[in-house]
Structures are given as C-alpha cells and as structure tokens.
Amino acid sequence: MTSTGPAATLRALHHGRRPGDPLVLPNVWDAASARVFADAGFPALATPSAGIAASLGYADGRTPADEMFAAIARIVRAVDVPVTADVEAGYGLSAEELVGRLAEAGAVGCNLEDSDHATGALRDPEEQAAWLAEVRAAAGDALVLNARIDTFLRGERGPDAFVARARAYTEAGADCLYPILAPPELLPELAAAVSLPLNALAKPGGPPPRELGALGATRITFGGGLQQQATATLAAVAGRLWADTVN
C-alpha cells in the first residue's frame, strides 16, 4: 500500500535536512504533554516507553502491551501531528498483530529494539532483520520504522557491531537507525557508514540537538528524559507547597 497521509509526512521530515538542523521529536508521555509540545510548534512527536511506564506506575519495560497501546492512542487523539511510538521489542506480537495495534492506536511510526527482554542480551541480527522485514511487509509504507540498535547499550562499544546490524536492518526495510547510547564523538563515523537517517539520543548535560545534528544525526529523541525533567519540576513545586502547608 502507498501512504499519502501522516506516515508520508513523518518520513519526509527525515530527508533533505541540513547538518545542524535535525528533526527534533520530543518524547511525550500523555495527552497533556503531547499538546504542550504540539502547541509549541513541533511537527511530529514520539512516545517513550520509559516515560509512559513511569506515568502509568510501571518500571521501564514492564508496561503491559494493552496499556501501552491505550496510552499511545490517547496521545495520538490529543494532537494533529504525526506520532511515532516506542513499542520496545514488540511485546511478543506477530508482525501483523503489531502493525494492526499501531494502526488502531493511530501511530504512524515505531521504534523496535534488538534487545531480548527475556535474557537482557542482543537478539541474533539475522533473526531481528527477518522480524523487521516482516513488519515492513505487513505495514507497507504506512509505518516509519526506526530500528533501535542496542550494541552500545549491551557493551559492544565499537562501531563495527553497530554497522553490521545497521546494514542488515537497512536491507530489511528500516527507515531510520538508532544506535542508542552511542558516544556523540562516534556519530560522524556511524553516519558515514550507513545510508539511512541516524537517530541520536539527547541526554541532560550532553550535546544539544543542533550539535548532535552537526555530528551526523538526522533525528533527535530524548527517551524518558523529558518526563523525568517534568517530574523533577513537579517535585520542586510539591516541596514548596508542602513547606507552605506545614509552616
């Protein structure tokens, strides 16, 4: 099938960008936060598994699939911009089921990571590539597929392990590659070695989005960081309110 709607809009936002002008996708965790960032002018949004988990009272990686998709659907309904969703490793769903659940929720993109949640280790790259190819076949071009590559997260810190997986996932039909926790200084080498847009994680205290873009990232996300910052701000408000209450 051919997508001419939000998925096409989201995909187009990844291309034709100048160095230092990456696509910044704020990670929103509920309808209210989604409206805040959409109203600020961001052309698309992302959901973080960690941020949604925290908002629902779960540890990261422990949100039941039904609750995750329901949260994604509430976010999508709240805004008029495309939303891409972090659906972790796919919750054990078949490719057809996963694509159907995302479509039902209204998400037009997704992150799929290559960690095995049962073992905490990396999945076999050929198996992951085959899984991504199944998702691509089920979705056609109606889903922007961000392949998260966890080599740096799992201790394989050189570029070679990332590049090998990146090439396999590119052949499988990924739209974007996400070397989570890759050192910023490696981004130029990683970007030069692949043909797809590169997603970088912006962390508090680390390089800002424009700097990450200048280093080679096309797309910037924040994981659960924005939700954590909002919670810290709310904790400060709560502390002041409590101080006023007891004094």
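Tutor: Gladly; we will take the whole chain and then a few residues. Keep in mind that this is a predicted model.

Student: Let's begin with the overall fold. What makes up the secondary structure of the chain?

Tutor: The chain has ten helices and ten strands.

Student: Why is the chain called as compact as a globular protein of its length?

Tutor: Set the value against the rule: the radius of gyration is 18 Å, and the globule rule gives 18 Å for 247 residues, so the chain is as compact as a globular protein of that length. Along the principal axes, the C-alpha trace spans about 65 × 40 × 40 Å.

Student: What share of the residues counts as buried, and how is the surface made up?

Tutor: Of the 247 residues, 48% count as buried. The accessible surface comes to about 11,300 Å², and carbon and sulfur atoms hold 54% of that. As for contacts with a separation of 6 or more, 63% are between residues 24 or more positions apart.

Student: How many charged side chains are there, and how far apart are the centres of the two sets?

Tutor: There are 19 positive and 29 negative side chains, and the centres of the two sets lie 5 Å apart.

Student: Now some single residues. Why is R136 called buried?

Tutor: Buried means under 20% relative accessible area. R136 has 16%, so R136 is buried. This arginine belongs to helix α6, residues 125-139.

Student: What does the side chain of R136 reach, and how do you know that this is a polar contact?

Tutor: The side chain of R136 reaches the backbone oxygen of L143 at 2.9 Å.

Student: Is T151 buried or exposed, and how do you know?

Tutor: With a relative accessibility of 0%, which is under 20%, T151 counts as buried. T151 lies in the loop between β7 (144-149) and α7 (159-172).

Student: Which residues surround T151?

Tutor: Leaving aside neighbours within four places in sequence, T151 is in contact with L122, E156, R157, A161, F162 and R165. Take L122: 29 residues separate it from T151 along the chain, while their C-alpha atoms are separated by 7.3 Å.

Student: What makes the phi of E88 worth a remark?

Tutor: Most residues other than glycine have a negative phi. E88 is not glycine, yet its phi is positive, near 50°. E88 sits in the loop between β3 (83-86) and α5 (95-105). At 3% relative accessibility, under the 20% cut-off, E88 counts as buried.

Student: What is the phi of Y91, and why is Y91 called partly exposed?

Tutor: Y91 has a positive phi of about 60° and is not a glycine. Partly exposed is the class between buried, under 20%, and exposed, over 50%. The relative accessible area of Y91 is 24%, so Y91 is partly exposed. Y91 is found in the loop between β3 and α5.

Student: Where is L93, and what does L93 contact?

Tutor: L93 is in the loop between β3 and α5. Apart from neighbours within four places in sequence, L93 is in contact with F69, L98, R101 and W131.

Student: Why is R62 called exposed?

Tutor: The relative accessible area of R62 is 64%, which is over 50%, so R62 is exposed. R62 has its place in the loop between α3 (49-56) and α4 (65-78). R62 and H117 are 55 residues apart in sequence and 9.9 Å apart in space, C-alpha to C-alpha.

Student: And one more: why is Q227 called buried?

Tutor: Q227 has a relative accessible area of 11%, under 20%, so Q227 is buried. Q227 lies in helix α10, residues 225-246. Not counting residues up to four places away in sequence, Q227 touches W29, G51, A54 and S55.

Methods:
Residues are numbered from 1 along each chain as its sequence is written. This is a predicted model: local features need pLDDT of at least 70, side-chain atom pairs count only at pLDDT 80 or more; totals for chains, interfaces and linings use all residues. Side-chain values use heavy atoms; hydrogens and water are left out. Helices (H or I, at least four residues) and strands (E, at least two) are DSSP runs, numbered from the N terminus. The radius of gyration is taken over C-alpha atoms; the globule rule is 2.2 Å times the number of residues to the power 0.38. Buried means under 20% relative accessible area, exposed over 50%, partly exposed in between (1.4 Å probe, protein chains only). Contact means heavy atoms within 4.5 Å. Accessible areas come from the Shrake-Rupley method with a 1.4 Å probe; for residues, only the protein chains shown count as cover. Lys and Arg count as positive and Asp and Glu as negative; His and the chain ends are not counted. The place of a charge is taken as NZ of Lys, CZ of Arg, CG of Asp or CD of Glu. A polar contact is a pair of N or O atoms within 3.5 Å; within protein, one must be able to donate a hydrogen and the other to accept it, and residues adjacent in sequence count only if both atoms are side-chain atoms.
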